[in-house]
Amino acid sequence: MRIAIIDTSTTRAAIIAEGLREAGLDDQVLIDPAGPIVRQIEACAPEVVLINLENPGRDLLEDFFAMSRALDRPIAMFVDQSDAESALAAVDAGVSAYVVDGLAKQRIKPVLDVAIRRFQAFSRLQAELAEAKTALADRQIVDRAKAILMRRRGIDEPAAYALLRGHAMQSNRRIAEVAEAIMTSEALMGDLP
Amino acid sequence: MSLDRFRIGFVPLVDAALPILARELGFAEEQGVGVELVRDVTWAAVRDRLLYGHSDAAHMVAPLAIATALGRDRPAVPMAVPFVLGLNGNAITFSTALGGACGLGEGLGDPVAVGAALREVAARQRLRFGVVHRHSSHNYMLRYWLAGVGIRPDVDVDIVVTSPPFAADALAAGEVDGICVGEPWNSIAVDRGVGRIALATAQIWRRGVEKVLAMRADQAEERRDAVLRLIRALHAAAAHFVDPETVEQSAEILSRPHYLDAPVDAILRAITDRIRVVPGGEPVHYPDFMFQYREAANFPWRSQAGWLYAQMVRWEGRSFSSADAATAQGVFRPELYRAALAGSGAPLPGASSKLEGALVGPIGAGSTQGRLVLGSDRFFDGRAFDPDDIPGYLRDLP
């Protein structure tokens with residue numbers, strides 16, 4: 001069963017492709033999102049097309065599928081009424097699937113399941129990455145604010161941290177926010193006696 | 001007071017204005033409705049979010065709501081359209097080369113004359129036009145005009161799909177020779193110097209139905225009271241939108257990055273019916289280029305849905321089905337519009353269907369509330385559409 005993957009994120013496309021391979025679905029084609037989508041799909045004649053929900057090429061692709069009704073391999077959106085649940089899961093995860101008419105449902109389900117799981121994993125990964133970046137940035141700011149406090153007040157590191165933390169709790173702000181305020185004031189008034 | 005929440009899907013276009021203004025200017029809140037907007041660049045994504053509950057309602061090209069209810073290319077889902085978000089507001093823009101080949105002047109052309117020039121060019125070279133969706137008024141209006149001037153769509157010229165925000169790019173890249181798209185994307189193509197506006201779709205059908213507020217039919221039943229209040233909010237937003245005093249404010253709101261993310265100037269021109277036809281030219285005033293409020297413009301006439309269904313049959317090569325025609329016309333829900341605006345003073349048409357394209361000048365029409373005057377609603381070829389005789393109408397078309 002040939003599966004075409006179209007994704008504006010090439011990283012995510014690779015992650016899906018890997019997941020499908022692990023599930024034993026080896027016959028896959030990665031479509032270049034920068035190239036002509038329809039021509040590439042036409043050339044590889046897939047039985048299943050996976051595309052990210054927000055892909056700007058979807059209206060074009062659906063038009064192509066509707067026109068190909070006349071061909072011997074009509075493709076339709078995979079939203080069999082009886083599959084409302086997996087369709088909902090797919091849309092929630094951000095993926096749409098189109099399949100060649102007549103392809104058995106039990107053959108499609110594993111493909112969709114893998115795609116959904118991989119899309120979700122990718123979203124989680126992105127969220128974690130964003131969190132890690134924030135955490136790293138926060139730590140750098142806090143470290144610098146601590147250094148300023150230690151120098152200006154002549155205190156040690158645990159005391160500087162306790163001061164920051166106490167003030168954050170008191171003013172109901174994040175420690176990083178307080179640290180940032182200290183750095184701002186240092187930048188503007190640090191040279192004053 | 002807790003608000004009834006509506007997540008409303010939209011594509012960045014000037015005629016997404018009413019739900020955006022209802023949210024930004026407090027019309028929704030006045031009705032106890034909270035509006036949250038969900039932006040997408042394809043109609044497929046707008047439709048999917050609506051069908052799977054990511055959104056409660058959507059700004060949608062009218063034929064797509066009908067195609068969804070008819071189960072075209074996918075399983076059918078009953079749909080409801082209780083409110084029309086606007087008439088027309090689209091244009092046909094030619095590439096600079098095609099504009100030159102057709103000898104377009106400084107203003108908007110005459111549909112018959114431009115059509116005759118285009119026919120000659122199309123006989124020499126294979127032309128390709130981009131429309132925003134297969135099930136869009138743009139597709140049907142363009143085809144109606146081409147067929148009416150003796151150019152056979154799909155036979156003499158190709159028609160392909162291109163998403164609105166990318167239409168100007170497709171023109172610039174030479175992928176298409178012309179586009180039929182909503183504003184501000186025609187104006188942006190002109191301002192970028194890659195095209196020139198040939199016609200406004202209002203020249204093809206003076207009162208052509210365009211975007212609608214679409215929702216799943218079960219939502220319209222389950223949340224009827226909240227839906228009626230949403231309609232009142234949108235109607236108030238429409239009255240505000242057409243007030244000349246507010247156009248600058250509306251253009252500024254629409255231009256914001258999370259809405260249209262487009263230049264204020266191009267949006268303002270569309271709102272004020274002033275269209276810059278050629279790069280660097282003075283904007284041309286074309287009255288009723290966009291039509292958002294007067295003449296009960298927001299009323300979902302079943303006959304408008306009937307016309308769209310007739311075009312769907314015409315171009316998809318399927319045969320007419322009276323059951324499908326009834327389903328299509330049943331998507332438009334004038335009774336919800338009337339229930340929402342009863343007692344508001346807004347003119348409420350007495351009929352739910354009318355002969356489309358039969359009015360030459362302003363004429364009083366039957367109303368159950370307020371005074372309703374309808375202006376000319378002519379098609380460029382002078383044909384009229386009788387929703388009770390779609391087969392007869394289709395037989396007579398070129």
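Helices (H or I, at least four residues) and strands (E, at least two) are taken as DSSP runs, numbered from the N terminus. The model is predicted, so local features need pLDDT of at least 70 and side-chain atom pairs count only at pLDDT 80 or more, while totals for chains, interfaces and linings use all residues. Residues are numbered from 1 along each chain as its sequence is written, and chains are lettered from A and ligands numbered from 1 in the order in which they are written.

A residue is called buried if 20 or more other C-beta atoms lie within 10 Å of its own, exposed if 12 or fewer do, and partly exposed in between, with C-beta atoms placed from the backbone. Helix H8 (residues 164–172) of chain B is largely enclosed by the rest of the structure, because 7 of its 9 residues are buried. These buried residues are B:Pro164, B:Pro165, B:Phe166, B:Ala167, B:Ala168, B:Ala170 and B:Leu171. After H8(B) comes B:Gly174, with a positive phi near 75°.

Leaving out residues up to four places away in sequence, B:Ala214 touches B:Leu50, B:Ala57, B:Ala58, B:Met60, B:Ala65, B:Met79 and B:Val81.

The contact between the chains takes 19 residues from chain A and 18 residues from chain B. On the side of chain A that touches chain B, helix H3 (58–67), strand E4 (75–77) and helix H4 (84–93) of chain A each supply at least two residues. H3(A) provides the largest share of this side, 7 residues. By class, the side of chain A that touches chain B holds 11 nonpolar, 2 polar and 6 charged residues. Here Ala, Val, Leu, Ile, Met, Phe, Trp, Tyr, Cys and Pro count as nonpolar, Asp, Glu, Lys and Arg as charged, and the others, Gly among them, as polar.

Two helix pairs are described next. Axes are lines fitted to C-alpha atoms, for helices over the stretch in contact, and angles run from 0 to 180 degrees between N-to-C directions. Angles under 35 degrees count as roughly parallel, over 145 as roughly antiparallel, 65 to 115 as roughly perpendicular and the rest as oblique. In chain A, the axes of H4(A) and helix H5 (residues 105–153) cross at roughly 30° and come within 9 Å. H4(A) is therefore roughly parallel to H5(A). The crossing of H4(A) past H5(A) is left-handed; a crossing has this hand if the near helix is turned anticlockwise from the far one by less than a right angle, and is right-handed if clockwise. In this contact, A:Ser86, A:Ala89, A:Ala90 and A:Ala93 of H4(A) meet A:Lys109, A:Leu112, A:Ile116, A:Phe119 and A:Gln120 of H5(A). The contact of H4(A) with H5(A) has 6 nonpolar, 2 polar and 1 charged residues.

In chain B, helix H12 (residues 247–255) and helix H13 (residues 264–271) pack at an angle of about 130°, with their axes 9 Å apart. H12(B) and H13(B) are therefore oblique to each other, and H12(B) passes H13(B) in a right-handed crossing. The contact of H12(B) with H13(B) has 7 nonpolar, 2 polar and 2 charged residues.

Backbone features in loops were also identified. Most residues other than glycine have a negative phi, and most peptide bonds are trans. The peptide bond from B:Glu183 to B:Pro184 is cis, with omega near 10°, and B:Pro184 lies in the loop between E9 and H9 of chain B. A:Asn172, which is not a glycine, has a positive phi near 55° and is found in the loop between helix H6 (157–170) and helix H7 (175–189) of chain A. A:Asn172 is exposed, with 7 other C-beta atoms within 10 Å.

Technical notes
Two residues are in contact if their C-beta atoms, placed from the backbone, lie within 7 Å.
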